[in-house]
Amino acid sequence: MSVTSSSPDEPAKQAEPRLNELKSLLLSDELERLQQLQQQHKAFVEQTQESLHRIKEDSRLTPERLAEQLPEAVLRATHQGEALNNSLAPTIEESIKISVTKNPKGLVNAIFPILGPAIRKAISSSLYDLMQSFNHVIEQSISWKGLKWRLESIRTGKPFADIVLLHSLLYSVEQVFLIHKTSGLILLHETSPQSANQDPGLVSGMLTAIQDFLKDSFATQPHDDLESLRMGDLTIWIEPGPHAVIALVIRGNAPSSLRNTLQETVEKIHARHALELEGFSGNTIPFDVSQPFLKQLLKTQYQEEQKSRPPLIPLAIMAISILAIAAWSIFIYLDHKRWDAAVNELAAEPGIVILSHQINDKYSVTGLRDPLVADPMDILSRHGFGATQVQANWQAYHSLQPEVGLIRARQVLSPPASVDLNITADTILAFSGQASSAWIKQTQQTLPTLLGFSHYDFSQLINSDAMLLQGLLDEINSTVFYFASGKTKLADKALLRLNRLMQTIRSAIQLSNSLEKTFVLNISGYADSQGSATLNANLSQQRARNVRHALMDLGLNGKHLQTSSHILDQSDERYESGRRVMLKATLNSTSTRRP
Amino acid sequence: MVMLQKKICMLGGFSVGKTSLVARFVKSVYSEKYHSTIGVKIDKKLIPVGDNEVNCILWDIAGEDDFYTIDNSYLRGMSGYILVVDGTRSNTLDVASELNRRVESLLGKLPFILVINKFDLVDEWEVSDLHLNKFSDCHCTIIKASAKTGEGVEQAFHTLACRIST
């Protein structure tokens, strides 16, 4: 290797041709080898230079390289601290400013999907406050509806605002249209089964045309959009996005929360179909995947609670009213009935005649009344009518009704307790019981002054004087005075007895007089048949006379006394006690004695 | 089969027969009675193009005259249009020409068919082929049609449908 490396210069200049020949002869292999080595060396140098160049190139920060490295570099810088953020902040701010100045629409479109939720979040909190104040407004409202909702709130324990919301949640979304904004072409359509449909293509076209027409006809701002149409209970809600519009056909009163859902759906569709919407050329197939979004909007909220629960409060008020009216009617009816019963009882009362009666401010009654009968007010008060409630006008009269006649008879005759007065056969005044002959006599004299009776019946009235007299007579008649054999003088004991009997005899005489009878006392003297008949006749006669004398001694008038004498023979059952005197009182009719 | 949806506008002067052409095309009817369209009226028709169908939403826009100019917002998003001229009134051709110019300035070049209507009254036509030369550089198709007889109507819509769906 050392030869070949040092030889090439000098020998070549001096003897080039030969040397070359020699070299080629001697060193052909080595030369060839050298040549190869030179080529290899050159290639190696080139390769090395290229590598070096490449390394140099690689170490330079080209845009391509930077693009490759930047994400990682930013990530690391972020981890290391806020230096990068701080240095980038002014640039980003400036860039956004320029972007907004140059083309606001681009940025608007870009942030549209996040703008809605952010705004809604802010609005929902203010809406909550608004709802609270709305609550206050309703609280003070005295409308029937307000009161009803208020009552429902109390009844269910739900906040009042919820109840208000509940009552506005009565709607049905019948159709949903997704419409391409510029062309008015229908991208998607969803409909509830029960709604009758016009061709969605035409409807979407017409809705777009109406919007165009309004924009054309009235001075509106460029970004203003038609948001709703209303006809009867049908409302069309239109929610515009940058490229597409969703229209809802709603029957009833949809709550504002549905509008939020609608906005969200528009945003979702824009986020999902940004490219298809921008470059829409009539092909609607890419939008079919968003059909579920539209389906979600087909909501129906029925007034289920109302249906399942009858309107209790109006019903209750109606029921109470009906009950009150019924109760009042019943009260009036019963009151009339009570009054009629009282008046009927009055009319049935003997000695009272009702001429007229009525109920106005007061209960009033006019009629005739026998002063003898009970106070009509007693009857009325028994039916619950006080003296202050009733205006009564009674004219006094004499009733000929037997019942009143009976009262009058009792008042006039003042019968003793032992006498009963009754009416028999409607018009006969019957007396029963016991009465003294004096009272009976007086009564018979008074009868013509009584009114209203056809006859008077005394058959059941016993004269108490006659009964008493009979008793006295029986006592007198049971008196027997016995004598010893052959004696006619009254024993002392017998005289005492006679003295006591004298009181009875006097009473009997007095009663006989009052009964207009004559009292006669027969004194029978008896003797037995022992001894001579003459003696016995004398004995019996004397015995009777002695009793007579004794009575006369006691003050009895001889006109009341008669004597008789009897002799008993042995066959007589009274023979054993034959020596005696018996008394027999009898009454003779005075009239017979009168001429 | 792909179904495309396309918005097509009927443009033209006042009383040139736009509504009648749509009625003839969509419902195959014709009425002598004249109804002035107010604002816009929308119809639709499925037009087969090759193996596919184009669902054409036809915006029949009120005709222009000296007092009424079509609102540009009605034109937005259309894929093509039918420019209608009344053959018996040459001034409607001027209106059509002006409209076309405006559409082009607003939306750029769009496919359109120039329909010279009332071909049944061809003897009374004021519009001659010479007049139509002003549209020669538009690369549009000019079709003479009659809403009354139906002549050329299908052809006009079909041609437009073919052009907008390619």
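Predicted model: local features only at pLDDT ≥ 70, side-chain atom pairs only at ≥ 80, totals over all residues.
**Extent of the interface**
- The contact draws on 17 residues from chain B and 21 residues from chain A.
- About 1,700 Å² is buried between chain B and chain A, and carbon and sulfur atoms give 56% of that area.
- Of the area that chain B buries against chain A, 34% is supplied by B:Gln5, B:Ile42 and B:Arg76, which is more than any other three residues supply.

**Polar and charged pairs**
- Two salt bridges are found across the interface of chain B and chain A, one of them joining the side chains of A:Asp212 and B:Arg76 at 3.5 Å, N to O.
- Five residue pairs are in polar contact between chain B and chain A, counting pairs with both residues at pLDDT 80 or more.

**Make-up of the chain B side**
- On the side of chain B that touches chain A, β1 (3-12), β2 (40-49) and β3 (52-61) each supply at least two residues, and β1(B) gives the most, with five residues.
- The residues of this side of chain B divide into eight nonpolar, six charged and three polar.

**A further loop residue**
- B:Ser15, placed in the loop between β1 and α1 (18-27) of chain B, has a positive phi of about 65 degrees although it is not a glycine.
- B:Ser15 counts as partly exposed because its relative accessibility is 25%, which falls between the limits of 20% for buried and 50% for exposed.

Methods
Residues numbered from 1 in each chain as written. Chains lettered and ligands numbered in written order. Heavy atoms only, no water. Contact = heavy atoms within 4.5 Å. Buried area = accessible area lost by both parts, 1.4 Å probe. Salt bridge = Lys/Arg side-chain N within 4 Å of Asp/Glu carboxyl O. Polar contact = N/O pair within 3.5 Å; in protein donor to acceptor, adjacent residues only side chain to side chain. Helix = DSSP H or I, 4+ residues; strand = E, 2+ residues; numbered from the N terminus. Nonpolar A, V, L, I, M, F, W, Y, C, P; charged D, E, K, R; others polar. Buried < 20%, exposed > 50% of the residue type's maximum accessible area, 1.4 Å probe, protein only.
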